[in-house]
Amino acid sequence: MTKRRDRGVEVSPTKQRALLSAIITLIVVLSVGIYVGVSAGDGTRGDGTNSAGAHSAAPASTGTWVGAWSAAPVGGEPGTGAAGMAGRSVRNIVHTSAAGTSARITLSNLYGRSPLTLTHASIALAAGHNSSAAAPGTMRRLTFGGATSVTVPAGQQALSDAVRLQVPQGADVLVTTYAPAGSGPVTFHPYARQTSYLADGDRVENPSGAPYTQRTSVWRYLTALDVLSRDATGTVVAFGDSITDGSTSSRSANRRWPDALSRRLSAAVADGRKDVPRYSVVNEGISGNQILAGEAGRPAENQDGLTRFARDVLDRPNVKVVIVDLGVNDTLHDAGSDAILAGLRALVRQAHAHGVKVVGATLMPFGGYPRYTAARNAVRQRVNAEIRSGTVYDAVVDFDKALRDPYDPRRYASEYDSGDHLHPGDRGYRRMADTIDLAGLKGAVPARL
């Protein structure tokens with residue numbers, strides 16, 4: 001056996017081979033670690049293929065969490081009381097109002113009567129407008145506390161871990177869930193004005209739209225999409241009824257007034273306006289919603305504004321401003337002006353206690369609607385007079401003045417009427433957004449009104 005000297009120490013060939021093997025092993029381990037770290041940065045492998053596995057839930061980078069999309073939970077979906085969505089993949093399509101480098105979602109089982117177990121969830125950018133297929137390389141597996149499965153107790157909600165994904169402003173995003181077993185009524189938002197999709201079996205991470213053969217007009221389980229943004233610094237919440245929900249806007253076209261407001265804000269910032277805040281806009285409208293009264297059930301379906309305000313407004317990330325457009329349905333249900341105004345002021349107190357500014361809208365005309373009466377219109381007029389006086393809200397947006405017929409102020413101007421004499425059409429919703437003072441969304445909450 002031969003030996004060589006190294007700085008006076010004799011090393012045998014056997015030891016040399018062992019030392020060389022250890023060095024090679026260390027290099028391989030370090031290389032894998034570097035590869036995994038780089039892959040986790042954007043959720044894709046070096047070759048551009050999907051990496052939706054264990055490394056998709058990467059630590060969040062710098063920025064501000066803001067709401068990019070939301071929809072209030074409204075009730076339990078009819079016909080789902082026994083089976084729920086068992087054995088089906090639910091692919092919701094939502095539209096973003098802010099760009100971000102990471103994303104997280106909120107899932108709700110508010111109206112379930114038993115725990116909801118979702119064994120698989122994913123997020124991806126849509127391949128195109130209203131497409132159920134994912135854009136190449138964007139599919140990400142979602143986790144909850146590090147686990148791919150989550151059980152949401154009845155009456156509760158769950159927030160996912162953050163996952164790194166470059167989400168553009170104004171993008172369609174696919175959020176897909178799979179429930180293997182029945183969970184009772186499905187918590188849903190019925191008037192989505194957006195086509196989403198269903199597939200049989202667990203197709204959660206399937207990037208193709210081919211399995212998603214059934215179209216649906218509601219959002220299920222999903223109530224929020226937040227992004228970690230380097231552009232937006234806060235969230236504006238639009239809080240209202242069917243007019244905010246956009247129930248008569250064009251389907252799958254994102255023409256509700258909060259959508260139009262989001263585009264106005266984004267365009268103003270892009271134009272370099274320094275007086276305009278860099279805020280996202282989320283929609284918490286519920287068709288038929290009232291300030292004072294909800295519907296039957298435990299919890300109540302279509303919860304009244306006073307009850308749901310904390311959940312749908314104050315719990316949104318970095319909410320700076322809420323735009324309140326509620327009261328027409330209370331009027332149509334014969335609430336008095338004093339009760340309506342008391343309810344609105346109670347909403348303002350809740351907001352101020354959390355440092356949130358409140359912009360309030362005057363109530364829209366409804367002349368020509370079957371439930372119109374002179375008495376109900378008089379209530380609306382009294383409420384509007386008080387709102388315009390500046391004693392209810394921090395700032396006022398006069399939707400009534402902007403959309404009413406100047407020759408018959410009981411009605412919409414014909415170009416803004418959807419045809420039912422209660423809701424605006426697309427042009428009316430755009431006019432509403434154009435009426436809002438963008439610079440007025442900035443500013444501190446006053447000490448008192």
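Tyrosine 221 is placed in the loop between strand E17 (219-220) and E18, where helices (H or I, at least four residues) and strands (E, at least two) are DSSP runs numbered from the N terminus. The structure is a predicted model, in which local features need pLDDT of at least 70 and side-chain atom pairs count only at pLDDT 80 or more, whereas totals for chains, interfaces and linings use all residues. Residues are numbered from 1 along each chain as its sequence is written, and side-chain values use heavy atoms, with hydrogens and water left out.

Although tyrosine 221 is not a glycine, its phi is positive, at about 65 degrees. With a relative accessible area of 1%, tyrosine 221 is buried; the term buried denotes under 20% relative accessible area, exposed over 50%, and partly exposed the range in between (1.4 Å probe, protein chains only). Arginine 193, likewise not a glycine, has a positive phi of about 55 degrees. This arginine 193 belongs to the loop between strand E14 (187-189) and strand E15 (196-200), and counts as buried because its relative accessibility is 18%. A further backbone feature is the cis peptide bond from arginine 298 to proline 299, with omega near 0 degrees. Proline 299 is located in the loop between strand E20 (279-285) and H4.

Strands E4, E14 and E17 make up an open sheet of three strands, in the order E4-E14-E17 and with antiparallel pairing. At its edges are strand E4 (75-76) and E17, each of which pairs on one side only. Two strands are taken to pair if DSSP finds at least two bridges between them. E4 and E14 are joined in the antiparallel sense over two bridges, and glycine 75 stands opposite phenylalanine 188 in E14.

Four aromatic pairs occur in the structure. Rings of Phe, Tyr and Trp (its six-membered ring) pair if their centres lie within 6.5 Å, and planes under 30 degrees apart count as stacked, over 60 as edge-to-face and the rest as tilted. Phenylalanine 366 is buried, with a relative accessible area of 0%, whereas tyrosine 372 counts as partly exposed at 22% relative accessibility. In a separate contact, the charged end of arginine 104 sits over the ring of tryptophan 65, 4.1 Å from its centre; the criterion is that NZ of Lys or CZ of Arg is within 6 Å of the ring centre and within 35 degrees of the ring normal.

Side chains of opposite charge can pair when their charged atoms come close. A search of the whole structure finds 20 salt bridges, a salt bridge being a side-chain nitrogen of Lys or Arg within 4 Å of a carboxyl oxygen of Asp or Glu. Among them is the contact between the side chains of arginine 316 and aspartate 226, at 3.5 Å from N to O. Since arginine 316 lies in the loop between helix H4 (305-314) and strand E21 (319-325) and aspartate 226 in strand E18 (residues 222-229), the pair ties together parts that are 90 residues apart in sequence. Both arginine 316 and aspartate 226 are buried.

A salt bridge also joins the side chains of aspartate 434 and arginine 264 (4.0 Å, N to O). This pair links distant parts of the chain, with aspartate 434 in helix H9 (residues 426-435) and arginine 264 in helix H3 (residues 257-270), 170 residues apart. Aspartate 434 counts as partly exposed at 41% relative accessibility, as does arginine 264 at 23%. In helix H4, the side chains of aspartate 312 and arginine 308 meet in a salt bridge of 2.8 Å, N to O. Because they are four residues apart in helix H4, aspartate 312 and arginine 308 are separated by about one helical turn. Aspartate 312 and arginine 308 are both buried. Finally, a network of salt bridges links Arg380, Arg388, Asp398, Asp400 and Arg404.
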